[in-house]
Amino acid sequence: MELQDPRPSKWQLFRIWASVGLQSFGGGASTTFLIQRAFIEKHKWLSMEEFTQLWNLCILTPGINLIALTVLIGRKLGGAWGIAISLAGLLLPSAVITCLLAAGFKTVENLPAVQAILRGVVPATGGIMLLVGLNFALPLIRRGYKEGALYLLASSVLIIACALAVILLKLSVIVVVLGAAFLGALFFSSRSAPPLLGKEQGEQQ
Amino acid sequence: MINPLIYFLLFLKASLFSTGGFSNLPSLHQDLLANAWAKEADFGQSIAIGQISPGPNGLWVISLGYLTYGYLGAFLALIAITIPALLVLVISAGYTRIEHRVWVRGAMHGVSLAVVGLLLTVVWTILHQPGVDWKGLLIAAGAFGLALSRKVNILIILGLAGLVGYLLYR
């Protein structure tokens, strides 16, 4: 792989990641967009193809995909130091602002006006969360259509079963996830499913 | 009293068994409430703060950490969401060897479905809080519709919801 730009200095790497973190509002999609613009278009440290390969690995990693992506890009551009600097750049400035906002909120939370505002904001977060769930579900449903009615039905049943297991049976979330992985391996493996890599790319929450 | 080690391990566990920024919520919700280390209201509020602050979505847990355990909580939460991401190094080394086994794909499909189901429980939990009445449900539906259209910024949606809340409940 030819790099068109010389590798970044530590300080430059930190600044780029900090600006990605501080400019991303509204979650994953905008962060991914900013990363692509900075590392592929502006500096040409990565090709789009490489980016896609890295992203697919991140989908398989537990936790926040974007942080895993930061680890991989950091390693590519600066080894172990690159990882540390990239993580610090993406997370620390944003985390400090999040903390300050939470602290500011703590001082006003008991004001009646703030309570009233919250009674509007909190259900709105519920509505937004429903959309997040729907975004997760769409690629799965699309795949269900391709694989046939039985596959689609089994997928829907598993979604609802997982939700009910937590709400009604109060099962531990970890048990539900491991159970779903086991059931998935049993029931969804026999199909000639398309390869996972390349499938879910570009799906953001 | 909060035990910092167990508190940290609960955040780490939630993060290790999640995919994406919000799917650690159900696990944290279960564990922190069971220990009485968080109030129900902390969750909706942290998500709202997370939405209006910069950075990846998953940083909402930092405000959960702050609201439940101050700056130490925020710091522990930050460490807890960073560690699982480092596993990508292990995965990039090992995945190419097992990616073609059929059971891996089946299991991943199962996990993805579980994530959707778990997010539904989060929606249910948020909308089941004591402060949410039928007007709150309408606000939720409106926010969902506006977000679905993808034409309105999330910040504007939350701002509108706050304004409606202020007018309805003050």
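Two residues are in contact here if their C-beta atoms, placed from the backbone, lie within 7 Å. Helices (H or I, at least four residues) and strands (E, at least two) are DSSP runs, numbered from the N terminus.

Residues are numbered from 1 along each chain as its sequence is written, chains are lettered from A and ligands numbered from 1 in the order in which they are written. Because the model is predicted, local features need pLDDT of at least 70 and side-chain atom pairs count only at pLDDT 80 or more, while totals for chains, interfaces and linings use all residues.

**The α5(A)–α6(B) pair**

- α5(A) and α6(B), which covers residues 134-149 of chain B, pack at an angle of about 45° with their axes 7 Å apart; axes are lines fitted to C-alpha atoms, for helices over the stretch in contact, and angles run from 0 to 180 degrees between N-to-C directions.
- That angle makes α5(A) oblique to α6(B), given that angles under 35 degrees count as roughly parallel, over 145 as roughly antiparallel, 65 to 115 as roughly perpendicular and the rest as oblique.
- α5(A) and α6(B) cross in a right-handed way (left-handed if the near helix is turned anticlockwise from the far one by less than a right angle, right-handed if clockwise).

**The whole contact between the chains**

- Chain A brings 82 residues to the contact and chain B brings 95 residues.
- On the chain A side, at least two residues come from each of α1 (10-23), α2 (28-42), α3 (48-59), α4 (65-108), α5 (112-147), α6 (149-167) and α7 (173-187).
- α5(A) gives the largest share of that side, with 23 residues.
- By type, the side of chain A that touches chain B has 58 nonpolar, 22 polar and two charged residues.

**Chain A: domains and confidence**

- Chain A is divided into domain 1 (10-108) and domain 2 (112-187), with bounds from an automatic or database domain assignment.
- The centres of these two domains of chain A, taken over C-alpha atoms, are 27 Å apart.
- Chain A has a mean pLDDT of 84, with 88% of its residues at 70 or more; pLDDT is the predictor's confidence in each residue, from 0 to 100.
- Confidence in chain A is highest in α4(A), at a mean of 94, and lowest in α3(A), at 81.
- Over residues 193-205 of chain A, pLDDT stays under 50.

**Chain B: layout and a helix pair**

- Chain B has seven helices and zero strands, and its C-alpha trace spans about 60 × 40 × 25 Å along its principal axes.
- Its domain assignment gives domain 1 (4-119) and domain 2 (133-170), and 26 Å separate the centres of these two domains of chain B, taken over C-alpha atoms.
- Within chain B, α1 (residues 4-16) and α2 (residues 25-34) pack at an angle of about 155°, with axes 8 Å apart, and are therefore roughly antiparallel.

Key
Nonpolar A, V, L, I, M, F, W, Y, C, P; charged D, E, K, R; others polar.
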